[in-house]
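Here is a short report on selected helices and strands of one structure. Please keep the sequence and the 3D view at hand.

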Amino acid sequence: MSVDKSVRERVEALRREIDYHNYRYYVLDDPQVPDAEYDRLLRALQDLERQYPELITPDSPTQRVGARPLDSFAEVAHRIPMLSLDNAFSDEELDDFDRRVRERLKTDASIVYAAEPKLDGLAISLRYEQGRLVQGATRGDGHHGEDVTQNVRTIPSIPLRLIGEGWPEVLEVRGEIFMPKKGFEALNRRQLERGEKPFANPRNAAAGSLRQLDPRVTAERPLTLFSYGVGEVVGHPMSDTHSGNMALIREWGLPISPELGLCEGMPACHVYFDRMAARRDALDYDIDGVVFKVDDIGLQERLGYVARAPRWAIARKFPAQEELTVVEDVEFQVGRTGALTPVARLKPVFVGGVTVSNATLHNMDEVEREDIRIGDTVIVRRAGDVIPEVVRSLPERRPSDARPVILPAHCPVCGSAVIRPEGEAIARCSGGLYCPAQRKEAIKHFASRKAMDIEGLGDKLVEQLVERDLVANPADLYALTKEQLAGLERMGEKSAANLVAALEQSKETTLGRFLFALGILGIGETMANTLAQERGSLEAIEALRLQDLIEIKASQARSLFKALSEYGAGDTPTGRVTPPPGLKWYHPVHLLMLEERFPLLRGLLAGGPKGLVNEPGVRIEGVGEVLAEKIVTFFRQAHNREVIDKLLSAGVHWPDPRPDASAPRPLQGLTFVLTGKLSQARDHYKALLLERGAKVAGSVSKNTDYLVAGEAAGSKLTKAQQLGVKVLDEQGLLERLK
């Protein structure tokens with residue numbers, strides 16, 4: 001039915017007034033009306049919307065009660081990654097950060113830093129379009145998060161529409177959702193009154209509340225937000241400083257930290273940190289340090305990023321929280337790679353906001369170095385989300401019946417022999433995939449999002465599959481039937497059918513993902529993709545030799561040749577003997593390489609020192625001696641090759657990582673480096689260059705053919721000019737790509 005104009009105007013007026021009072025309360029912390037008056041305004045709006053439901057809009061202040069429950073969270077791709085921060089744990093490390101900043105900027109002047117407390121909550125991305133909240137997403141892995149829009153809409157401090165004017169067409173605000181201490185205490189009282197388990201700490205309570213599938217539960221939890229930055233911005237220029245951006249965000253209705261301040265130079269930063277450390281317990285929210293950011297956005301862009309963190313920001317952490325307790329026992333856990341980790345079973349102690357009863361001892365070297373024994377009184381530390389650790393023992397409190405920690409001779413899970421190579425800190429179970437502990441972890445890794453991305457194959461299900469002997473290695477996953485899966489706990493026919501479909505879908509992957517999924521020691525995502533791009537096929541990678549991965553430097557070759565010459569020119573294979581005194585310093589991988597290239601010593605000696613140095617052009621960038629040995633060893637092991645063959649037979653496949661390998665590759669053999677701000681993402685241009693046969697390096701050297709310099713190109717441009725490397729602008733790059 002038609003709604004009178006006066007009613008529409010009254011509804012809009014009420015919404016504006018309520019939004020204004022929310023701003024006064026949550027952002028300015030300066031309410032102008034008592035709670036009773038605010039409640040009357042809200043009830044008046046609710047009455048009108050009840051009478052005229054066609055006037056209800058998603059951004060109305062009444063729409064915070066929570067929508068219907070979700071089946072699961074959708075995935076959100078962050079257009080600009082939500083990166084982590086590097087940490088500083090001492091004044092010296094903070095000073096080193098400032099020194100690196102000034103060195104990169106080539107200045108001796110003091111840098112102005114924006115400073116604010118580091119909240120112990122949950123990072124969030126809020127996307128506003130035309131001033132209206134359209135999406136809320138968790139940080140996730142930094143590149144992909146979870147869509148929690150319905151839940152963030154229930155949080156009163158987050159405006160459903162921006163106030164004021166001048167905001168961009170698209171504005172992504174990043175911040176921290178947390179639970180104030182008073183709200184946390186009230187929530188736990190309610191939990192106890194209901195006979196439910198209380199939360200361990202405010203951070204866990206906040207994270208659990210935000211990730212509720214039922215937004216109505218989130219709406220009941222006392223969550224709030226402090227904004228700390230911006231992500232994607234479209235259609236309107238922001239400030240040229242971080243503090244200026246925060247002021248704009250505050251004007252548009254989003255709360256920021258009331259402690260945000262500016263510090264010129266390191267002395268001011270140290271004063272700010274000390275002041276926040278002294279006030280830490282008095283604040284109504286948990287903090288675990290202070291974040292310092294270069295305030296000037298232009299300088300931020302010049303400084304750039306490393307793989308997972310910006311170079312222009314750092315988190316100065318508070319001293320780790322520590323307590324005394326007693327080691328009651330030590331057990332050994334077996335990880336995915338077979339590594340045995342000693343874990344101290346402690347007399348429970350409250351530290352870092354939680355009750356701790358277990359703590360890592362890292363490895364046997366640490367146990368022996370710190371002389372930790374069962375029965376010792378020890379200092380246990382818990383810093384933020386870091387796994388609790390035993391820092392040291394107090395021998396002066398050691399009881400007479402204290403027992404030393406002994407590395408087991410056999411795996412506590414499968415009984416296989418435990419091996420600890422001489423000189424290494426880590427002991428490993430020799431059972432490989434035959435060890436259930438390694439099977440479980442290897443299969444979990446194989447199915448994970450960044451590996452084969454098998455949706456629905458969670459940890460609990462993997463444990464059931466291994467325990468029931470349905471799966472002994474990753475290849476067995478593809479032989480599972482719907483009937484087998486439907487017989488497992490919490491698996492109906494529909495869930496079983498979905499998992500079979502997900503397994504089938506996962507067969508179409510990439511070579512980089514496949515290599516990462518195999519779980520080769522030391523091979524992360526980046527190295528897996530590098531191997532895939534450089535070698536192009538699984539067969540080429542399987543055929544790699546040690547000398548294809550690493551090279552012996554000429555200086556090392558001369559000293560090695562001298563030692564071998566003194567040892568004698570017999571027919572003994574070089575890599576299988578105990579090294580003579582002159583070779584004991586030498587890495588065993590190099591000896592294995594020598595055996596591959598020179599089965600007999602006389603052949604090696606006939607070639608002279610130059611014969612030891614590998615030919616350039618085949619070495620994989622970033623692979624050192626230890627990693628090279630792990631890669632080659634992995635593909636030489638029969639059981640690993642057997643699993644790979646089974647996976648390929650099951651239908652796992654991928655396209656050539658070098659698109660259209662048969663097509664002409666006009667830039668073959670050329671090395672490019674990209675720097676500065678370009679109109680397209682660097683990954684976009686990197687893919688185009690790789691497709692045409694070029695190599696894309698991360699730093700400029702004498703082997704660089706072209707430097708592509710965008711806006712605000714810094715030290716790489718300077719070095720390229722010094723070395724005489726050809727410099728292209730973006731248009732020049734496009735011409736070369738043609």
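## Basis

This is a predicted model: local features need pLDDT of at least 70, side-chain atom pairs count only at pLDDT 80 or more, and totals for chains, interfaces and linings use all residues. Residues are numbered from 1 along each chain as its sequence is written, and side-chain values use heavy atoms, without hydrogens or water.

Helices (H or I, at least four residues) and strands (E, at least two) are DSSP runs, numbered from the N terminus.

## Helix H3

Helix H3 covers residues 91-105. Its 15 residues should span 21 Å at 1.5 Å a residue, and the end C-alpha atoms are 21 Å apart, which agrees. The expected span is 1.5 Å times one less than the number of residues.

Leu94, Phe97, Asp98, Val101 and Leu105 are buried in H3. Buried means under 20% relative accessible area, with a 1.4 Å probe and protein chains only. Seen down the axis of H3, the buried residues fall within an arc of 95 degrees, so they line one face of the helix. That arc is taken from the directions from the helix axis to the C-beta atoms. Their cover includes strand S3 (112-119), helix H9 (266-279) and strand S10 (287-294). Just after H3, lysine 106 has a positive phi of about 55 degrees.

## The open sheet

Four strands form an open sheet in the order S5-S4-S7-S8, with antiparallel pairing. Its edge strands are S5 and S8 (224-234), each pairing on one side only. From one strand to the next, the twist averages 25 degrees. Strands pair if DSSP finds at least two bridges between them.

Strand S4 (residues 122-129) has seven of its eight residues buried, so it is largely enclosed by the rest of the structure. Eight bridges join S4 to S7 (residues 170-178). Six bridges join S4 to S5 (residues 132-138). Serine 125 stands opposite arginine 174 in S7, and its bridge partner in S5 is alanine 137. Leucine 122 has isoleucine 177 as its bridge partner in S7. The hairpin of S4 and S5 has two residues between the strands, and glutamine 130 there takes a positive phi near 55 degrees.

## Helices across the sheet

Helix H6 (residues 202-210) lies across S4, S5 and S7, at about 40 degrees to S4. Helix H8 (residues 242-251) lies across S7 and S8, at about 110 degrees to S8. Angles run from 0 to 180 degrees between N-to-C directions, with axes fitted to C-alpha atoms, for helices over the stretch in contact. Contact means heavy atoms within 4.5 Å.

Technical notes:
Buried < 20%, exposed > 50% of the residue type's maximum accessible area, 1.4 Å probe, protein only.
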